[in-house]
Amino acid sequence: MSKQFTKLGLAAVAVMFSAAAALAGPGGAGHGHGDETAYGKPGDPKKPARLIQIAMAERDGKMQFIPDRIEVRRGEQIRFQLRNNGELDHELVVATLEENLKHAVEMQKNPDMEHDDPNAKRLSPKRTGEIVWQFTKAGQFDFSCLIPGHREAGMTGTITVK
């Protein structure tokens with residue numbers, strides 16, 4: 001390989017990392033970082049967790065999560081078992097409503113951005129996945145599909161932590 005080709009390759013990698021850091025926001029920590037957030041922290045898959053199944057689908061011109069309302073206890077670890085029953089890609093992103101709405105704007109600019117973070121999972125049609133999350137703070141939190149147009153078509157839900 002030529003030195004010029006190697007330098008170009010390294011420059012391209014540097015640009016990709018810079019772009020990823022910019023998208024992650026202040027402090028370089030994105031929506032899927034491992035630290036505690038306003039809505040909790042990544043769970044420990046080796047510890048017990050309550051199982052909650054969530055289906056993703058399109059029906060009658062709307063997109064939806066079933067169920068779209070969930071209640072948990074503060075401190076409880078949840079294993080969200082996800083299934084995309086639809087014909088399109090869908091994702092589930094757990095966050096505060098404010099964070100999900102802000103991130104939805106970023107998704108409009110970067111519609112091919114995919115999530116596979118502790119608090120988010122994107123699934124192709126007929127695929128399954130899971131998120132293990134511990135809700136450490138009481139409050140009302142959001143889960144949404146942030147693929148452009150999906151949240152607007154009804155693909156959103158609420159998690160109430162008591």
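Is aspartate 60 buried or exposed? Aspartate 60 is exposed, with a relative accessible area of 78% (exposed means over 50%, buried under 20% and partly exposed in between, using a 1.4 Å probe and protein chains only).

## About the model

This is a predicted model, in which local features need pLDDT of at least 70 and side-chain atom pairs count only at pLDDT 80 or more, while totals for chains, interfaces and linings use all residues. Residues are numbered from 1 along each chain as its sequence is written, and side-chain values use heavy atoms, with hydrogens and water left out.

Aspartate 60 sits in the loop between strand S2 (50-59) and S3 (strands are DSSP runs of E with at least two residues, numbered from the N terminus). Its phi is near 50 degrees, a positive value in a residue other than glycine.

Lysine 126 also has a positive phi, near 65 degrees, and is not a glycine. You can find lysine 126 in the loop between strand S8 (120-123) and S9; at 44% relative accessibility, lysine 126 is partly exposed. For another backbone feature, look at the peptide bond from isoleucine 66 to proline 67, which is cis, with omega near 0 degrees. Proline 67 belongs to the loop between strand S3 (62-66) and strand S4 (69-72).

## A pair of aromatic rings

The structure holds three aromatic pairs (rings of Phe, Tyr and Trp, the last by its six-membered ring, pair if their centres lie within 6.5 Å; planes under 30 degrees apart count as stacked, over 60 as edge-to-face and the rest as tilted). In one of them, the rings of phenylalanine 80 and phenylalanine 135 have centres 6.2 Å apart and planes at 85 degrees, so this pair is edge-to-face. The pair links distant parts of the chain, 55 residues apart: phenylalanine 80 is in strand S5 (77-84), and phenylalanine 135 is in the loop between strand S9 (128-134) and strand S10 (139-144). Both phenylalanine 80 and phenylalanine 135 are buried.

## Salt bridges

There are eight salt bridges in the whole structure (a side-chain nitrogen of Lys or Arg within 4 Å of a carboxyl oxygen of Asp or Glu). One of them joins arginine 50 and glutamate 76, with the closest N and O atoms 2.7 Å apart. Arginine 50 lies in strand S2 and glutamate 76 in the loop between S4 and S5, so the bridge ties together parts 26 residues apart in sequence.

Glutamate 76 is buried, at 9% relative accessible area, whereas arginine 73 is exposed, at 55%. Arg50, Arg73 and Glu76 are linked in a network of salt bridges.

Key. Helices (H or I, at least four residues) and strands (E, at least two) are DSSP runs, numbered from the N terminus.
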